[in-house]
Amino acid sequence: MSFIKSIFDKTRPMFSEGGKLKSFRSVYDGFETFLLVPNATSRSGASIHDAIDSKRIMSMVVIALLPAMLFGMYNIGYQHYALAGIEGSMWELFAYGALALLPKIVVSYAVGLGVEFIVAQYKHEEIQEGYLVTGLLIPLILPINCPLWMMAVAIAFAVIFAKEIFGGTGMNIFNVALVARAFLFFSYSSKMTGDEVWVARESIFGLGKDIPDSVTCATPLAEAGSGQMSASLSDMVVGLIPGSVGETSVIAIAIGAVLLLWTGIASWKTMLSVFVGGGLTAALFQAAGSTPIEWYEHIVLGGFCFGAVFMATDPVTSARTEGGKYVYGFLIGVIAVLVRVLNPGYPEGMMLAILFMNLFAPLIDYCFVQRNINRRMKRAKIANG
């Protein structure tokens, strides 16, 4: 760390006022505060100081996402080799998936951070850290066959219109990663749905072999809609099923959830209430004979677990009052299952549920705050006679 600090100390004058590279001060600050804990703290307007800053929080979320990302890499190779009808070692499967996913991660960060760099330079502000998490979330919630150029367009749209236009990190109303996914879903639906987008189809550096486009592989949720479920419960939990890269493994997601809850970054109230709302709604539909799968299969399939752990708990776009977190999460679970069961053409419902509740999170908080104000006023009146 001392070596890195010495480098920044030596180069700081070049980026300071009067230096040759003063125009890129925001870029310098962004890298410095990412690699080193900043010395500057709030001098006014703050009532509470914490030992951890937002960049450290974002870094911890990225670490929590790593199990889902690493398993997603393995599953990409597993699904490709299975569909191609060839055998490969665990490392060959993982290497194939890593080579397929890494370009998407690189493009995600390059485009997203590029937009943030440009905005920071234009506004003469520090580069904000919110995209540290978003940059990894977006590749994990997309099908592996999503073209890079489409992803780049969606990311630029989401960062500009769902984040920067509202004032940047901490000011956005909607989850930026889900806005990017929604943009792709409604603009390029053929690349986001169907039976051909969930498995990588081309060989990579001699790994695997090309798979014809005519070969299809539906997700378990899509199969459930047609009444033909081929995946076992163990495969659903482990994650050896077709689906978005980071959303298939319940175990990998659970590891990330434990880390987020242990560090206090995510709210257990929001997370738990999503599962309660989804489970109860699915159980009611199952009792009424309106869903072809078991209620618990709704929980372990699709993006339900991933959305509950990593997106519904987003501190910026979710409810912030303690009571509001229960309502917010519960309604996300309810709406997700409602969309799945009542709309056969769209088997997944988590994205729409979270975006819809992002819109109502401020109203939920307002209702709880106003209720508390009314209670205190009532108590004050009683006390004063």
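This is a predicted model: local features need pLDDT of at least 70, side-chain atom pairs count only at pLDDT 80 or more; totals for chains, interfaces and linings use all residues.

User: Is Ser318 buried or exposed?
Analyst: A residue counts as buried when its relative accessible area is under 20%. Ser318 falls below that cut-off and is therefore buried, with a relative accessible area of 7%.

User: Which residues does Ser318 touch, not counting residues up to four places away in sequence?
Analyst: Contact here requires heavy atoms within 4.5 Å. With residues up to four places away in sequence left out, Ser318 touches Ala312, Thr313, Tyr328, Ala361 and Asp365.

User: How are helices H10 and H13 oriented towards each other?
Analyst: Two packed helices are described by the angle between their axes and the distance between the axes. For H10 (residues 250-262) and H13 (residues 304-311), the axes are 10 Å apart and the angle is about 15°. Angles under 35 degrees count as roughly parallel. H10 is therefore roughly parallel to H13.

User: Which residues of H13 do those of H10 meet, and how many residues of the contact are charged?
Analyst: Val250, Ile253, Gly256, Ala257 and Leu260 in H10 meet Cys305, Phe306, Val309 and Phe310 in H13. The residues of this contact comprise 8 nonpolar and 1 polar, while the number of charged ones is none.

User: What distance separates the end C-alpha atoms of H10?
Analyst: H10 has 13 residues, and at 1.5 Å a residue it should span 18 Å. The distance between its end C-alpha atoms agrees with this, being 18 Å.

How values were computed:
Residues are numbered from 1 along each chain as its sequence is written. Side-chain values use heavy atoms; hydrogens and water are left out. Axes are lines fitted to C-alpha atoms, for helices over the stretch in contact, and angles run from 0 to 180 degrees between N-to-C directions. Helices (H or I, at least four residues) and strands (E, at least two) are DSSP runs, numbered from the N terminus. Angles under 35 degrees count as roughly parallel, over 145 as roughly antiparallel, 65 to 115 as roughly perpendicular and the rest as oblique. Ala, Val, Leu, Ile, Met, Phe, Trp, Tyr, Cys and Pro count as nonpolar, Asp, Glu, Lys and Arg as charged, and the others, Gly among them, as polar. The expected span of a helix is 1.5 Å times one less than its number of residues. Buried means under 20% relative accessible area, exposed over 50%, partly exposed in between (1.4 Å probe, protein chains only).
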